[in-house]
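Dear colleague,

Here is the structure I said I would pass on. My notes follow below it.

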Amino acid sequence: MANLVNLETVSKSFGVRPLLDSVSLGVGAGDRIGVVGLNGGGKTTLLEVLAGIAEPDDGRVSRQRDVRMAVVTQRTELPPESTVRNAVIDPLGFDAEHEWAADARVRNILDGLGITALGLDSVVGTMSGGERRRVALAAALVRELDLVVLDEPTNHLDVEGVRWLADHLLARRTALVVVTHDRWFLDTVCTRTWEVVGGRVEQYEGGYADWIFARAERARLADAIEEKRRNLARKELAWLRRGAPARTSKPRYRIEAAEALISDVPPPRDTVELLAFAKRRLGRTVLELEDATLTVGDRTLVRDLTWRVGPGDRIGIVGVNGSGKTTLLRALAGERELDGGRRIQGQTVKLAHLSQELHDLDGSMRVLEAVEEVARRVVLGKQEMSASQLAERFGFSSQRQWTPVGDLSGGERRRLQLCRLLMAEPNVLLLDEPTNDLDIDTLQQLEDLLDSWPGTLVVISHDRYLVERVCDQVVALFGDGRLTDLPGGIDEYLRRRDAAVASAPAPAAVQKAPSSAADQRAARKELARLERRLEQLHKKEAELHAKLAEAATDPERLMALDAELKSVLAEAEDVEAQWLEAAETAEG
């Protein structure tokens, strides 16, 4: 059978840099292909050329006649004036307005991606970037397709959403080409892997674990320049094979070869040694919440919570989007006041908090200067590194370290933010979605650093591999006002969520007066107004952060700007609470 899409000696450059160099490959019916490689290495360009969004400089792209294809990349934009109904339901051509509701497949997609909760009459232009991406993904998946091409589809999904998407794609016969750094997703869904490296596309059978083995074996045969990369690949393979069961989908490679390759790789970390070292650095008290209550509007996120985070604890926090994970982490960091109870911080704690927001830096400053501004050398566990060496671990080559901060992409700024945090040598790390915008190589570097990091770690992440790899304990917010310990980790979390969804009452049985159509329309207008105000407040917050940096030597101006910033943050919190109330009414 002919391929759905063929690339024949395709080349594509960005400026003088070749991203694709005489690449030939094909996508067959039913193929599920994961695309991996360094950020900026050409993954998105490959997808866009394959999908016909971008034309190659040389070579030929051919597609099977009448192939039904949908593409969702990071550049996919829906008309801002359209509603969810316009974007997702109307193109399906249902005769009656509510006929779509009888289609179980369509309803499953809307529910699985959280689109139902957004409301079909919500306007795309008023949504957050993550919500727009989910609507675009739903608009693609509701169609009957031969091929779907996706660029980082898991970025705005929680753990449950990532699992739903994997199950959905596995249940369809649609061919798939997907760029993602979510390694669990790659290993669960994909049967082939393409690695974009140096303008070429290396092709491998199998998913993530198989690719890691092949990569480690290839590196074993390479010269000494690949020593660092080989060790990371071997360490990752050792971790994968220690899992129960091993994550390879089938024994494609000789077991003896794999065992020989990892025979001298130590466990990811010596927990006993790290715990002893952490206690020496931190003492008994690290961070504690006593009888803590956190509310947003009428919602209570946690009530009378007593939570003690001790020396050497490595905790992952999971929960659906909107369950309060970020608010809880901010409260733990001391950046958000409790609505009841108290927060205790140990005297020896040196805390670093990686939030999802990117903090502004002087755009004219070079990358290396931004790192050295914090410190010139750092000791992380048993490793001592210069600022340049740590920057290189986070994907900034010696040449890239002289790039002005203002020229960095969002993903590069995120890596720089994380690098600066670690240069401060904290002994408590609070990380909110640290894997966003990181490629797999940088993820491996981050995990390698965290493996031997002798401090207290609390992580929010939808990346199952990261949580399983670097955390010893998983806790969850289920919306019942408590923080629940999960000895069975993320698997237990998903089982509990499945049970909760299965036992939930049907919408008709919910004891709540239904909102009238007029109330819902008014609430949707109020939502749009509140979202515009939130956007204004976030812009104002960014401007104030920049002014605070400029006023570093002016104490009087610093105090005035700090007071203004606190006022803006307080108003943003009030607006978010109003938004939640309006959203509940709009959903009826």
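Which residues point one way from strand 17, and which the other way? This is a predicted model, and in it Val 428, Leu 430 and Asp 432 point to one side of strand 17, while Leu 429 and Leu 431 point to the other. All of them are buried. Since five of the five residues of strand 17 (residues 428-432) are buried, the strand is largely enclosed by the rest of the structure.

Strand 17 runs parallel to strand 14 (residues 351-354), joined to it by four bridges; here Leu 430 is the bridge partner of His 353. Five bridges join strand 17 to strand 18 (residues 456-460), again in parallel, and Leu 431 is partnered by Val 459 in strand 18. Between strand 17 and strand 18 the chain passes through helix 16 (residues 440-451), a right-handed β-α-β crossover.

There is also an open, antiparallel sheet of three strands, in the order 11-10-13. Strand 11 (299-309) and strand 13 (340-345) are at the edges with a single partner strand each, so one side of each has no neighbour in the sheet. From one strand to the next the twist averages 25 degrees. Strand 10 (residues 287-296) pairs with strand 11 over seven bridges, with Thr 295 opposite Thr 300. Helix 12 (residues 325-333) lies across strands 10, 11 and 13, at about 135 degrees to strand 10.

Lastly, helix 3 (residues 104-112). Its buried residues are Val 106, Ile 109, Leu 110 and Gly 112, and they pack against helices 2, 4, 5 and 6. Just after helix 3, Gly 114 has a positive phi of about 75 degrees.

Regards

How values were computed. Residues numbered from 1 in each chain as written. Predicted model: local features only at pLDDT ≥ 70, side-chain atom pairs only at ≥ 80, totals over all residues. Heavy atoms only, no water. Buried < 20%, exposed > 50% of the residue type's maximum accessible area, 1.4 Å probe, protein only. Helix = DSSP H or I, 4+ residues; strand = E, 2+ residues; numbered from the N terminus. Contact = heavy atoms within 4.5 Å. Pairing = 2+ DSSP bridges. Axes fitted to C-alpha atoms, helices over the stretch in contact; angles between N-to-C directions. Right-handed = clockwise from strand over helix to strand, strands pointing away.
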